[in-house]
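Here is a walk through a structure, one part at a time. Keep the view open and follow along.

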Amino acid sequence: MSTETHHKTAVHALDDLPLLGRDLSFHEVTELVAHHTEKKTPTAWFGAFALANAGLLLLVAMIAYLFWNGTGVWGLNNPVGWGYAIVNFVFWVGIGHAGTLISAILFLFRQQWRTAINRSAEAMTIFAVMCALIFPGIHVGRVWAAYWMLPIPNQMEMWPQFKSPLLWDVFAVSTYFTVSAVFWYVGMIPDLATMRDRATTTLRRKVLGFLSMGWTGANRHWRNYEKAYLLLAALATPLVLSVHSVVSFDFAVSIIPGWHTTIFPPYFVAGAIFSGFAMVVTLLVIARKIYKLEDIITIGHLEKMNIIILLTGTMVGFAYITEFFIAWYSGVKYEQYAFLNRAFGPYAWAYWTMMFCNLVFPQFFWFKKLRRSIPFMFAVSITTNIGMWFERFVITVTSLHRDYLPSSWDYYTPTWVDVLTFVGSFGLFFTLFLLFLRFAPMVAIAEVKYVMPQADPHYYDDHGDGHAGDQAAKLARSSHHAS
Amino acid sequence: MSTIKELARDVKGSMGIFDGKDESLYGVLAEFRHPGALLEAARSVREAGFKRFDVHSPFPIHGMDRAMGLGNSLVGWLTVGGGIAGMALGVWLQWWTSAVDYPINISGKPFFAIEPSIPVIFELTILLAALSTVIGMFALNGLPRPYNPLFYSDRFRKVTDDGFFLHIAASDRRFDLESTQKLLRDLGATHIETIRDSGTADAEA
């Protein structure tokens, strides 16, 4: 390729922290990312894919078993009418939030380091939301009536109940899924065109040519494209905040002690971002190693994500303590009991698992050494997701299992079907994620190039091979760069 | 009639879709060394009076819109339109289904009130605004465009990797094969080729 365009220099962001691990040319960035979709499928990928597929099959089998027998195969009992299905739903939706935060909110804040991780985080969002959407679909008992959740004209001439938070949730999560998928696809078009132009087989060229829509990197197109991308980010930002707020309304709008609190929307959003970032770290620590992307997804990027985990983990921990305080301060006996029962009742084991995983472990990220330690951050990312799953379990089950009358008290235990359905949902998630790693550009190639210093047209003014500006302009620029 | 044709040509030109000239001549494609040279070239080509030209690069180049003399993108208006339509749909859907078509008394609540309707109105606003943004962006760009004479150029494949190209359409009023090529060469193009709409592009470096 044309070596004359490969100007090598230290790759520095505006804040003088390297965005890339070493000096890369535009072509090297293309090569690093695109060749993973072009090479022969590695044997290890098939191994991982087989394992993920086994999980997917397990999920399908459990759902089939559930449909055949009804929700009696789950561990639900009289006071605990909501169990694993809602816990898993909230867990998976929450994980999705990090992807949108990275792709939209960090974009609006001009956080250029996001370009290394946004594509894979967005993919994670979409797959996590797909996993989440399964649970409300299958938990309705009479699955053939699941379409009643949507405003579809039917023979009863009845409409959904728009005053119910559960219906708000249908709209929030399906909008979230649609917008995330569209955002992801739009972002991928230039990179699909890159892969199209590198394609060596007719089939690849045709499929990628179809998907990339005839993209030629025309500036007349970039103009509308960048504007659309900015607007999508601006729309996705309030959307992602609304989604977990609406999910929290499922609980907060009811009058159950332990659920009926105004702190829920911000607390759920913080928890969602917390768990989502942990999942991104889990996935990227593995992916960057296997795909040798350490120069694009650097330790600095991982450290920044760990700082966000520290921040949101602290917010979540603060919310746990606030909840407890407000329960005491409210003077409402039932509310106080609900919280004391959480911490010291029959589910204390789940409560303290949650507290340690979410409140205590992320605090180690105050230490720079631990923030930059791959094994340590991997361990914390796992415990964070365990902790966040238990948070939803604690909120759902402990608030329900002791109703107002002691005659309506019971202990909820999941059945093997509950547990295996949850395990199976990971099979679906990893099946989709492995397909993504194999066939799609896993890093936003065009966006990474855009934040490289060589992409700035003025970069060449000082290097003598462009059309050099006059001396005064040069000085003005260099003082601008220094500031 | 001719003004309508002219308008259609301008609209297509804003999408980067240009007509050919003299049967098969589509335009001249010039490659530049780097984004800085491309930006300078685009500015000079505009100053030379050309209207039907476009630059192609692997990523958007800062300042190129101004260098090419392009105004602000119209996508935002479509976003606003979609958002208003979504909001109206949200209000109408909830009001008509629960207060007009089949009113049901639930816990004595009003059949329709704005407060519990806000989440669905909000979601539909975002949904339609986002979809109209994306569909509008494709429409304004004239995408999908599976056929493009520029694809005849083998060199043009670099455009999505590390190539920086400027294309002047043959249908531009000021276009003249000889002088346009000379202009581009003077601007520092490293490689120039003529694009023909039928058959393979012939390289004339």
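The model is predicted.

Begin in chain A with helix 1, residues 26–38. A:Glu31 lies in this helix. Now look for A:Asn77, which is 46 residues from A:Glu31 along the chain. Their C-alpha atoms are separated by 56 Å.

Helix 2 of chain A covers residues 43–69, which makes 27 residues. From first C-alpha to last, helix 2 reaches 39 Å. That is close to the 39 Å expected at 1.5 Å a residue. Which residues of helix 2 of chain A are buried? They are A:Ala52, A:Leu56, A:Leu59, A:Met62 and A:Leu66. These buried residues pack against two partners in chain A, helix 4 (118–138) and helix 14 (416–439). After helix 2 of chain A comes A:Gly70, with a positive phi near 95°.

Next, a helix pair. Two packed helices are described by the angle between their axes and the distance between the axes. Helix 9 of chain A runs over residues 299–330, and helix 10 of chain A over residues 333–344. They pack at an angle of about 145°, and their axes are 7 Å apart. The crossing of helix 9 of chain A with helix 10 of chain A is left-handed. Helix 9 of chain A brings A:Glu323, A:Phe324, A:Ala327, A:Trp328 and A:Ser330 to the contact. Helix 10 of chain A meets them with A:Glu335, A:Gln336, A:Ala338 and A:Phe339. By class, the residues of this contact are five nonpolar, two polar and two charged.

Stay on helix 10 of chain A, which also holds A:Asn341. Is A:Asn341 buried or partly exposed? There are 19 other C-beta atoms within 10 Å of A:Asn341, so it is partly exposed; a buried residue needs 20 or more. Leaving out residues up to four places away in sequence, A:Asn341 touches A:Thr398 and A:Arg402. A:Ser399 is 58 residues from A:Asn341 in sequence, yet their C-alpha atoms are 8.8 Å apart in space.

Helix 13 of chain A spans residues 374–401. Its 28 residues should span 40 Å at 1.5 Å a residue, and its end C-alpha atoms are 40 Å apart, which agrees. Helix 13 of chain A is largely enclosed by the rest of the structure, because 20 of its 28 residues are buried.

Turn to chain B. Its domain assignment gives domain 1 (2–70 + 150–197) and domain 2 (75–141). The C-alpha centres of these two domains of chain B lie 43 Å apart. Helix 1 of chain B, residues 2–14, has 13 residues. Helix 1 of chain B is hardly covered, with one buried residue among its 13. B:Gly16 follows helix 1 of chain B and has a positive phi, near 80°.

Finally, the two chains meet. The contact takes 64 residues from chain B and 62 residues from chain A. On the side of chain B, the elements that give two or more residues are helix 2 (35–47), strand 2 (53–56), helix 3 (64–68), helix 4 (75–101) and helix 5 (118–141). Helix 5 of chain B gives the most, with 14 residues. By class, this side of chain B has 33 nonpolar, 19 polar and 12 charged residues.

Conventions. Residues are numbered from 1 along each chain as its sequence is written. Chains are lettered from A and ligands numbered from 1 in the order in which they are written. This is a predicted model: local features need pLDDT of at least 70, side-chain atom pairs count only at pLDDT 80 or more; totals for chains, interfaces and linings use all residues. Domain bounds come from an automatic or database domain assignment. Helices (H or I, at least four residues) and strands (E, at least two) are DSSP runs, numbered from the N terminus. The expected span of a helix is 1.5 Å times one less than its number of residues. A residue is buried if 20 or more other C-beta atoms lie within 10 Å of its own, exposed if 12 or fewer, and partly exposed in between; C-beta atoms are placed from the backbone. Axes are lines fitted to C-alpha atoms, for helices over the stretch in contact, and angles run from 0 to 180 degrees between N-to-C directions. A crossing is left-handed if the near helix is turned anticlockwise from the far one by less than a right angle, and right-handed if clockwise. Two residues are in contact if their C-beta atoms, placed from the backbone, lie within 7 Å. Ala, Val, Leu, Ile, Met, Phe, Trp, Tyr, Cys and Pro count as nonpolar, Asp, Glu, Lys and Arg as charged, and the others, Gly among them, as polar.
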